[in-house]
Amino acid sequence: MARAYVSIGSNINRENNIRAGVDALRRRYGPLIISRVFESESVGFQGDNFYNLVVGFDTNEPPQTIAHALHEIERACGRKRGGPRFAPRALDLDLLLYNDLVIDEPGLQIPRDDILNYAFVLQPLAEIAPRCHHPVLGKSYAELWATFDKSSNRLWPTDLKL
């Protein structure tokens with residue numbers, strides 16, 4: 001059985017869409033390890049603030065199947081693909097990690113670069129998987145978060161409970 005980690009974000013009807021995404025993941029994958037929900041400013045465009053978190057779960061599904069399932073959940077919550085990369089999102093679900101697997105193929109990159117580039121991905125991941133190691137860099141997520149330039153992305157915890 002593999003451990004997968006997925007980032008979740010929304011800035012459109014964000015509380016409802018975050019809840020719907022988490023509920024859909026629970027229905028499909030069972031118990032989830034869930035970080036706190038963080039609020040962050042939009043990155044790469046002017047827009048409403050996002051809610052972001054990371055969840056982990058155990059699965060026998062291959063990563064390609066998980067990625068497809070994430071797209072289906074996004075679609076069910078009103079996400080329309082094909083627009084600009086940096087734009088408002090009803091729901092954004094990204095497969096960050098799948099055990100220590102490294103994949104770089106069209107439509108699927110594991111570990112996802114977002115882990116190293118965005119506080120709203122790395123901080124919640126470090127919260128729920130602090131001792132896990134980045135499969136390429138070999139550093140723990142706690143170490144990566146400790147040295148991350150936190151001035152590059154402002155975020156703060158919310159009171160939202162899932």
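Which residues does Gln123 touch, not counting residues up to four places away in sequence? They are Arg36, Phe38, Trp145 and Leu155, where contact means heavy atoms within 4.5 Å. This is a predicted model, in which local features need pLDDT of at least 70, side-chain atom pairs count only at pLDDT 80 or more, and totals for chains, interfaces and linings use all residues. Residues are numbered from 1 along each chain as its sequence is written, and side-chain values use heavy atoms, with hydrogens and water left out.

**Buried residues**
- Gln123 sits in helix H4; helices are DSSP runs (H or I, at least four residues), as are strands (E, at least two), numbered from the N terminus.
- Gln123 is buried at 16% relative accessible area (buried is under 20%, exposed over 50%, partly exposed in between; 1.4 Å probe, protein chains only).
- His134 is also buried, at 6%.
- His134 lies in the loop between helix H4 (119-128) and helix H5 (141-146).
- Beyond its neighbours within four places in sequence, His134 contacts Pro111, Ile115, Leu116, Lys139, Tyr141 and Leu144.

**Around Pro111 and Leu116**
- Pro111 is in the loop between strand S7 (108-110) and H3.
- The Ile110 to Pro111 peptide bond is cis, with omega near -5 degrees.
- Leu116 belongs to helix H3 (residues 114-117) and is partly exposed at 33%.

**Positive phi**
- Most residues other than glycine have a negative phi, and most peptide bonds are trans.
- Asn13, in the loop between strand S1 (2-10) and helix H1 (14-29), has a positive phi of about 45 degrees.
- Asn99 has phi near 50 degrees and lies in the loop between strand S5 (92-98) and strand S6 (103-105).
- Asn99 is partly exposed, at 40% relative accessibility.
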